Structures are given as structure tokens and as C-alpha cells.
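Open the model in your viewer and keep the selection tool at hand.

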Amino acid sequence: MLSDIHGNLEALDAVLEAMAGERIGHYLCLGDIVGYGASPNACLDRVSGLTTDVIAGNHDHAAIGKLDISTFNPFAAEAALWTRRQLTPDGRRYLGALPYVWRNDDLFIVHASPAHPEEWIYLSTPWQADEAFDAMPAGVALCALGHTHTPMIFEKRAVEEPSRPIPPTALELASERRYIVNVGSVGQPRDGDPRAAYCVYDTEMKKIEIKRVPYDLESAQRKIRKAGLPDMLAERLEFGR
Ligand code: ZN
């Protein structure tokens with residue numbers, strides 16, 4: 001599972017290389033393929049060639065004018081407008097056709113929160129996780145999402161118990177419990193660790209693991225600066241902020 005690539009081709013390629021060594025049977029992309037980074041079209045090509053199981057993020061919609069960017073901060077808005085000018089007609093069509101959610105029998109994915117997927121709510125507190133658990137489809141034990149660019153795991157032991165956060169590393173899923181996993185960001189981590197993040201879900205062993213991989217950060221920064229995007233978008237990659 002990979003999320004929040006944000007046009008960072010160097011980070012995406014490092015993640016795909018790491019994942020290629022892991023016997024991944026099924027790739028899922030949790031949205032925000034574009035926005036912020038300097039390689040939106042190349043990232044779209046990679047993802048669309050990798051899997052058809054891809055959902056939309058708010059920046060994907062902002063880049064095609066499907067989301068009002070007046071609530072974006074100035075850097076995000078400038079990047080959205082820049083991305084809008086770069087996209088090919090095929091890229092625009094592709095982003096416009098992405099669904100808000102995807103599910104199978106034991107996994108539900110959404111970019112921001114199962115509670116109102118199209119409202120792009122940030123999910124970072126146990127209280128918000130409780131609301132999200134209530135909105136998950138019945139019978140599904142695991143929800144994976146992105147949006148905050150910060151790896152997180154919430155566990156719900158029983159309906160009447162509040163959600164609790166657990167360290168976002170490796171975890172065996174206990175039966176009869178439910179989980180929400182934020183898989184972190186490939187292209188713009190914000191948890192203070194500049195390495196690209198991705199998540200592997202071992203469906204046989206019922207284990208999830210959030211992994212990190214270094215990438216050619218300087219090259220991604222150079223491209224951002226060369227494209228005339230806000231310098232702050234290059235700078236933040238170095239600090240994972
Ligand atoms: Zn994002």
C-alpha cells in the first residue's frame with residue numbers, strides 16, 4: 001500500500017524498488033499521486049501501470065479543478081495550479097475517474113477518513129478514529145488511509161471501548177479487533193523522518209508493517225526548484241515536515 005506520492009518520482013521509484021523485493025501480490029494506491037512535487041505525469045504513469053486499485057486524494061481533485069483550493073495554504077494552492085498546467089488530458093481524465101473508496105472482504109481504503117470520504121477530514125486523534133471506526137463497513141476489520149502524511153495505527157478492541165493509538169511500526173492483527181492504519185507518505189513525509197514511507201499488509205499472517213526507505217532527495221529538490229515551485233516545498237522534504 002502506498003499513499004501521498006505527491007509528484008515525487010524519486011521517492012516513488014525508491015519505494016517501488018523496495019516493494020519489488022517483497023513478494024507483493026497486490027498494490028493499492030491511497031491517493032494524492034500529484035500536488036507539491038515536480039513529476040506529476042511520471043508518477044501518474046507509474047501508478048496507472050502498477051495497479052487499477054487506486055483511489056482519489058484531495059490534491060488529485062485540486063489538480064483537475066474538482067476541488068476548490070481556496071482552503072489550501074498558499075504553497076499548496078500554487079503547486080495545485082502548477083500541476084493543473086502540467087497534466088496531460090489523459091492524466092486529467094484518469095484523476096477525474098478515481099473513486100473515493102475501495103474495499104474487499106477484509107480491507108477498506110480511503111484517502112482521508114471513512115467518515116465522509118469526500119470531505120477530506122484529518123484523522124489524527126482517538127476521538128476522530130472512533131468516528132471513523134463507526135463509519136467503516138460492517139465486517140471489515142482493517143481500514144488503511146493516508147492524508148496526514150504521518151504514520152499512525154489505531155486499535156479498537158470492542159465497540160464500547162475508545163480507540164487507542166499504538167506505535168506505527170509492525171503489528172499482528174488480533175482477531176475480533178479492528179484497526180485503522182495511516183500508511184504514511186511516499187513523497188512528502190511529515191513525521192520528522194524524511195525517508196519515504198509505505199506499508200505492507202501480509203494477508204496470510206495478518207500482519208501489517210510500515211516501512212521506510214531513503215531516496216534521492218537532492219534530485220527531487222532540484223526538480224522542484226527548477227520547475228519554479230515554492231522553495232519551501234523543496235526544503236521541507238529534507239526535514240520530513
Ligand atoms: Zn497528501
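**The cavity and its lining**

Select α7 to begin: with three residues, α7 gives the most to the lining of the largest cavity. The model is predicted, with local features needing pLDDT of at least 70 and side-chain atom pairs pLDDT 80 or more, while totals for chains, interfaces and linings use all residues. Residues are numbered from 1 along each chain as its sequence is written, and side-chain values use heavy atoms, without hydrogens and water.

A cavity here is a set of points, on a 1 Å grid over the protein atoms alone, where a 1.4 Å probe fits but cannot get out; lining residues have an atom within 4 Å of a point. Now show the 16 lining residues; His 6, Asn 8, Gly 37, Ile 224 and Leu 237 lie nearest the centre. The space in this cavity is about 90 Å³.

**The zinc ion**

From His 6, move to the zinc ion, which is coordinated by Asp 4 (OD), His 6 (NE2), Asp 32 (OD) and His 149 (NE2) at 2.0 to 2.3 Å. His 6 lies in the segment before α1 (9-20) and His 149 in the loop between β3 (142-145) and β4 (152-156), so the pair ties together parts 143 residues apart in sequence.

**Ser 219**

Return to helix α7 (residues 217-226) and pick Ser 219. Ser 219 is buried, with a relative accessible area of 14%.

Key. Helix = DSSP H or I, 4+ residues; strand = E, 2+ residues; numbered from the N terminus. Buried < 20%, exposed > 50% of the residue type's maximum accessible area, 1.4 Å probe, protein only. Donors = N, O, S within 2.8 Å, 3.2 Å for Na, K, Ca; no water. 1 Å grid on protein atoms, 1.4 Å probe; cavity = no way out; pocket = protein on both sides within 12 Å on 5 of 7 lines; lining within 4 Å. Points joined across faces, edges and corners; volume = space filled by probe spheres on them.
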